[in-house]
Amino acid sequence: GTSMTEPVVIAIDGPSGAGKGAVTQHLAQRTGFQVLDSGALYRLTGFAARLDGLELSDAPSVAAVARGLNVRFVPAQSGHEPFEVMLRGVDVTDSIRTDQAGVDASTVAALPMVRAALGDRQQAFRQAPGLIADGRDMGTVVFKDALVKIFLTASAEIRAERRYNQLKNKDMDVSLAALLESIQARDARDSNRAVAPLKPAEDAVVIDSSGMPLEAVHEAIWAVVSKVVT
């Protein structure tokens, strides 16, 4: 019969620096699915709000920024990031990857009005042949009916180290101790917030990548995904 089934979603959730981006990219190459980096939307919202001189605690104004985000994701030809992120026609790929932008993202993500404003935008990424959605609440809130839910985590120390190497490669001035502190603070804020706290969905497969090389992480996740995505 004719069914109005939505394109399938693979949800990749987890804390900051767990390696969701690399996994999402890898799966996109293997499946040809669309990609949503929901964290980038929160980073862009915080960044744009700062550009406009807003207080990040001013929920109605920040939500208005979220609703009106003029953003494009352009597949990158080279570089560390899979996509070039264009905000209001300007390349902000590196600007939204600073530690401060991450802290700002976590701050605005705690605002229910902002989450609501970005909810619809995220749904719009669900297009054929399917979507790989990377975030904190893809499997628990935004795409509760996702076909596959992965919760990717790693110890805070290891995530800080990975982040440190990432930022160091971009010649950003960072300290490992400061990054670890920032990651722990974000974990606490993301896990304890009232709306859509960071936690695995009940039907998620939890993968701790602490002791695993990236290749092994990819294979573990592909083993789960390939069972259901032909």
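A cavity here is a set of grid points where a 1.4 Å probe fits but cannot get out, and its volume is the space filled by probe spheres set on those points. Keep in mind that this is a predicted model.

Q: How many cavities of 30 Å³ or more are there, and how much space lies in the largest cavity?
A: The count comes to one cavity of 30 Å³ or more. About 30 Å³ of space lies in the largest cavity.

Q: What makes a residue part of the lining, and which residues line the largest cavity?
A: A lining residue has an atom within 4 Å of a cavity point. Ser16, Arg43, Thr98, Asp99, Gly102, Arg163, Ser182, Ile183 and Arg186 line the largest cavity. They divide into one nonpolar, four polar and four charged.

Q: Which helix gives the largest share of that lining?
A: That's α8, with three residues. Both α4 (99-109) and α8 (176-192) supply at least two.

Q: Why are β7 and β8 called paired?
A: Pairing takes at least two bridges, and four join β7 (residues 148-153) to β8, so the two strands count as a pair. Within β8, Asp208 is the bridge partner of Thr153.

Q: What makes β2 and β8 the edge strands?
A: The open sheet runs β2-β6-β1-β7-β8, with parallel pairing. β2 (34-37) and β8 (205-208) each pair on one side only. From one strand to the next, the twist averages 20°.

Q: Which strands does helix α9 touch?
A: Helix α9 (residues 214-228) packs on the sheet and touches β1 (8-13), β7 and β8. The direction of α9 makes about 170° with that of β7.

Methods
Residues numbered from 1 in each chain as written. Predicted model: local features only at pLDDT ≥ 70, side-chain atom pairs only at ≥ 80, totals over all residues. Heavy atoms only, no water. 1 Å grid on protein atoms, 1.4 Å probe; cavity = no way out; pocket = protein on both sides within 12 Å on 5 of 7 lines; lining within 4 Å. Nonpolar A, V, L, I, M, F, W, Y, C, P; charged D, E, K, R; others polar. Axes fitted to C-alpha atoms, helices over the stretch in contact; angles between N-to-C directions. Contact = heavy atoms within 4.5 Å.
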